[in-house]
Amino acid sequence: MERIHMDIKSLSGKNPPEVQAEAIKYFSDPAHIDPKALAQPGGKEYWYNAARCLIAIGYPANRNALLGMFAWLQDLTWPGATPTFDYLGTLPRTDIAEPLTDALRAAEREKDEEWRINLKYFAEKNGIEIAD
């Protein structure tokens, strides 16, 4: 029996593993949710599983969530930050250049030095040249 609708709260890491697994499977299908809505939804308790969903949705279906995915790099200890960092590094450089640049601008506007450093580290690690 397939569920017609599932609440994003089902992604909470506080839920039993079987509930989380069902939610991840459900939200990994872009027919069930706009991928952009999975970029750091609600509290941090949802983030790790939301990142897993975005990664499972894959590129280019998750294209509209890329800027939101770069927001995970504000703090590399946040739930979902490591798999998101690694995943973004697998995408075509030409396709992530714009959201990466937009994230850098946001980090500078917000005066978020840690985020800016993390974005520059991401770019360096992945061979992406960005203007200083």
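## Before we start

What you have here is a predicted model, so local features need pLDDT of at least 70 and side-chain atom pairs count only at pLDDT 80 or more, while totals for chains, interfaces and linings use all residues. Residues are numbered from 1 along each chain as its sequence is written, and side-chain values use heavy atoms, with hydrogens and water left out.

Helices here are DSSP runs of H or I with at least four residues, and they are numbered from the N terminus (strands would be E runs of at least two).

Let's begin with α1, which covers residues 17-27. Its buried residues are Q20, A23, I24, Y26 and F27, where buried means under 20% relative accessible area, exposed means over 50%, and partly exposed is in between (1.4 Å probe, protein chains only). Look down the axis of α1 and these buried residues fall within an arc of 165 degrees, so they line one face of the helix. That arc is the one spanned by the directions from the helix axis to the C-beta atoms.

Over on the other side of α1, you'll find P17, E18 and K25 exposed. And what covers the buried residues? Part of the cover comes from α2.

## Helix α2 meets helix α4

On α2, the buried residues are W47, N49, A50, A51, C53, L54 and I57. They pack against α1, α3 (66-71) and α4.

Two packed helices are described by the angle between their axes and the distance between the axes. For α2 (residues 47-57) and α4 (residues 81-88), the angle is about 20 degrees and the axes are 9 Å apart. The axes are lines fitted to C-alpha atoms, for helices over the stretch in contact, and angles run from 0 to 180 degrees between N-to-C directions. α2 and α4 are therefore roughly parallel to each other (under 35 degrees is roughly parallel, over 145 roughly antiparallel, 65 to 115 roughly perpendicular, and the rest oblique). α2 contributes Y48, A51 and I55 to the contact, and α4 contributes P83, T84 and Y87; contact means heavy atoms within 4.5 Å. These residues divide into five nonpolar, one polar and no charged. Nonpolar covers Ala, Val, Leu, Ile, Met, Phe, Trp, Tyr, Cys and Pro, charged covers Asp, Glu, Lys and Arg, and the others, Gly among them, are polar.

Is T84 buried or exposed? T84 is buried, with a relative accessible area of 0%. Leaving aside residues up to four places away in sequence, T84 touches A51, I55, M69 and W72.

## Helix α5 meets helix α6

Next come α5 (residues 93-109) and α6 (residues 113-125), whose axes come within 9 Å and cross at roughly 155 degrees. That makes α5 roughly antiparallel to α6. On the α5 side, the contact is made by I96, L100, A103, L104, A106, A107 and E108, and on the α6 side by W115, R116, L119, K120, F122 and A123. Sort these residues by type and you get ten nonpolar, no polar and three charged.

R93 lies in α5 and counts as partly exposed, at 35% relative accessibility. R93 and G127 are 34 residues apart in sequence and 8.6 Å apart in space, C-alpha to C-alpha. Not counting residues up to four places away in sequence, R93 touches N126 and I128.
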